[in-house]
Amino acid sequence: MGERFESGYLPVLPLKELVVYPGSVAPILVMRDLSMRGLEQCLNRDKLIFLVCQKDVTVEEPSAHDLHPVGTVAEIVQVLRLPDGTAKVLVEGQWAARAVQYDTEEGNLRAFVALNQVSEPTSATIVAHQRAALAGFEHYAEVSERIPADLLSSVRSIREPLAFVYGVAANVPLKVEEKQEILESNSLEEKFILLNQYLDEENQIAEIEQKIDGQVKVQIDKSQREYYLNEQLKAIERELGVSGEDDPELRELARAIEETGLSEEARSKAERELGRLTRMPSMSPEAAVTRTWLEWLTEMPWSKATEDTIELAEARRILDKDHYGLKKIKERILEFLAVVKHAGPGRGPILCFVGPPGVGKTSLGRSIARCTSREFVRISLGGVRDEAEIRGHRRTYVGALPGKIVQSMKRASVINPVFLLDEVDKMSSDFRGDPASALLEVLDPEQNKTFADHYLEVDYDLSRVMFIATANTVDGIPYPLLDRMELIRLPGYTEEEKRHIAMRHLLPRQREQHGLRAPQIKITVPVMKRVITEYTREAGVRNLDRTIAQLCRKVTRELVEQPRRKQAPLSIERLRKLLGPPQYEDMDMEKKPEVGMTMGLAWTESGGELLPVEVTLMKGKGNLQLTGKLGEVMQESAKAALSWIRSHAEELGIDPGF
């Protein structure tokens, strides 16, 4: 370099996350238009440029307040222009300088810079700081193994303190803010203090990294050593004629295969997989997968069954005790049980209880299990849209499991449980398959003898399982699946049936759950009728159960707050106080017809509802106007009623052209 630069205007090259020190050489990739213009201006002059780091790297067009005040005056050594319009520039830092003023010249950013004067004589303190910094740098080179030997020798040869500071700081991975702080300091001693502080921090980090790397290496060496010793042990066992089945876990699996009563196909495959397992390294992932598969296979029920004890008189008693009403449904269940007792399992159809929520579909399944003395398992199919949830995953996948059918059979521990498939109408399908199609094999008596689960990979016999399904409506059940089931509809309960259910079942159960005795909460028949008609409106009894529970909670609170209060039977007035005003009006179904008023019936999956419909006649073109949000069925009913009146106009004494 020629004469020393003191002050003057220089083009500015903003840098992102890079601090160039005096005496260091650095490559810079110039991409921004602002930087390219400054580079061109510099090349047309004396090749001196002011390198300064940005405060915020996200700013693409930095101005004066986006740049640090201190940077480095550098000389451009080499420029390599790239085909995409960018340039790779090699610069050599010369002097630290401070930007006194920033301005623009012909759209180019420039700065009036003055050199930072750091003129402190070499004293004993400076020498001590330099020796400490050299010792810290040498320790960092030893611990981190990132500093080449020739670079370490080059730094050791630097005698001038300021150049030494910049040489060490440029080769240690400090943060940009830390490097900038060292560059901006005007005191040589302060520069050394900052450098030694940051060197100590980097040495601590490097020591921790070295410790972690050592621990990982020891663990890897240990695993490799164990694998080598295991292979040696197996070779010795083969030479001595000792089988790997001496492993206690493998012996236990072999015993389970013998005693579980597997099918011929399952036994053959299990023995073959067990033989492969004895030859595998115990630490290999494949060994873990095979061991888990064998455990699933041997823990499944293959021959264990409960003995059916079907007595129709006892079954009738259980059904009458658990459920009030539902006379036709109970008769059909008794017929079903009679067929099972006479002809054996797997002969009867698959029952599907269809009805609104809260009418007792699931509890009927539990009652059938009690009638037959079988185990009861239930799976909910609501929201299932992956075929693998029914058939399972291939065991080669990470985290693979059998499907819900096989998992539930393992939980039942017998091959002839009562199996309730709840909410079969709530399944859906997507790109992962159609679970309803997977259920076709489960519910077909001709196919479920050889049910194929993807995880087990062997046929499993489901022919002795008593399958029962439930659904709210049949609209969501695919026809092929619906064809395999016999529908038993539970239409809902009348008000009289709800009253009997509430007095016999719901109220005693809620009293027990809330710790109440019968004298502490007395609900008479008229009050219970008011609860049913004025506070619930449903086909089942689920909301009625919640309402009775609400009454029990409020009475329990009164007992806790006023323990000596005498409890009288609930009156209508007290019912209003506890539950608030009636939520529904009790429509008088025996009300006589009125002129201008007719009754309609709305039907939903949750029950029915009477709809009073107002009708009026006026002069016009004879068109029928229907107002309100009426469905297609109600519109058709209105048109049919009008057609009937016109066809019987003479009998009714009405003008045919009305």
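Helices (H or I, at least four residues) and strands (E, at least two) are DSSP runs, numbered from the N terminus. What you have above is a predicted model, where local features need pLDDT of at least 70, side-chain atom pairs count only at pLDDT 80 or more, and totals for chains, interfaces and linings use all residues. Residues are numbered from 1 along each chain as its sequence is written, and side-chain values use heavy atoms, with hydrogens and water left out. Here's a quick tour of the spaces, the strands and a few single residues.

**The largest cavity**

- On a 1 Å grid over the protein atoms alone, a cavity is a set of points where a 1.4 Å probe fits but cannot get out, and lining residues have an atom within 4 Å of a point.
- A search of the whole structure turns up 1 cavity of 30 Å³ or more.
- The largest cavity has a volume of about 50 Å³; volume here is the space filled by probe spheres set on the points, with grid points joined across faces, edges and corners.
- Strand 3 (48-53), strand 4 (70-81) and helix 5 (176-184) each supply at least two residues of its lining.
- Among the residues lining this cavity are L15, L18, V19, V20, L51, V52 and C53.
- Sorted by class, the cavity lining has 9 nonpolar, 3 polar and no charged residues. For that count, Ala, Val, Leu, Ile, Met, Phe, Trp, Tyr, Cys and Pro are nonpolar, Asp, Glu, Lys and Arg are charged, and the others, Gly among them, are polar.

**The largest pocket**

- A pocket, by contrast with a cavity, is an open set of points with protein on both sides within 12 Å along at least five of seven lines.
- The largest pocket comes out at about 1,200 Å³.
- It is lined by 31 residues, and the closest to its centre are V615, T616, L624, Q625 and L626.
- Strand 14 (597-604), strand 15 (607-614) and helix 21 (632-647) each put at least two residues into the pocket lining, and helix 21 gives the most, with 7 residues.
- In the pocket lining, 17 residues are nonpolar, 10 polar and 4 charged.

- Strand 8 is joined to strand 9 by 5 bridges, running parallel, and V377 sits opposite F419 in strand 9.
- On to the next pair: strand 9 (residues 418-422) and strand 12 (residues 466-471) run parallel and share 4 bridges, with L421 opposite A469 in strand 12.
- Strand 9 is mostly covered, with 5 of its 5 residues buried (buried means under 20% relative accessible area, exposed over 50%, partly exposed in between, with a 1.4 Å probe and protein chains only).
- V418, L420 and D422 point one way from strand 9 while F419 and L421 point the other way, and all are buried.

**Strand 2, a two-faced strand**

- In a regular strand the side chains alternate between the two faces of the sheet.
- Strand 2 runs antiparallel to strand 5 (residues 87-105), with 6 bridges between them; V30 has A87 as its bridge partner in strand 5.

**Single residues worth a click**

- Most residues other than glycine have a negative phi.
- E17 has a positive phi, near 55 degrees; it is in the loop between strand 1 (7-15) and strand 2 and counts as exposed at 59% relative accessibility.
- E457 also has a positive phi, near 65 degrees; its loop runs between strand 10 (451-452) and strand 11 (459-460), and at 32% relative accessibility E457 counts as partly exposed.
- Q130 is in helix 2 (residues 124-144) and counts as buried at 14% relative accessibility.
- Not counting residues up to four places away in sequence, Q130 touches I158, R159, P161, F164 and F192, where contact means heavy atoms within 4.5 Å.

Key
Pairing = 2+ DSSP bridges.
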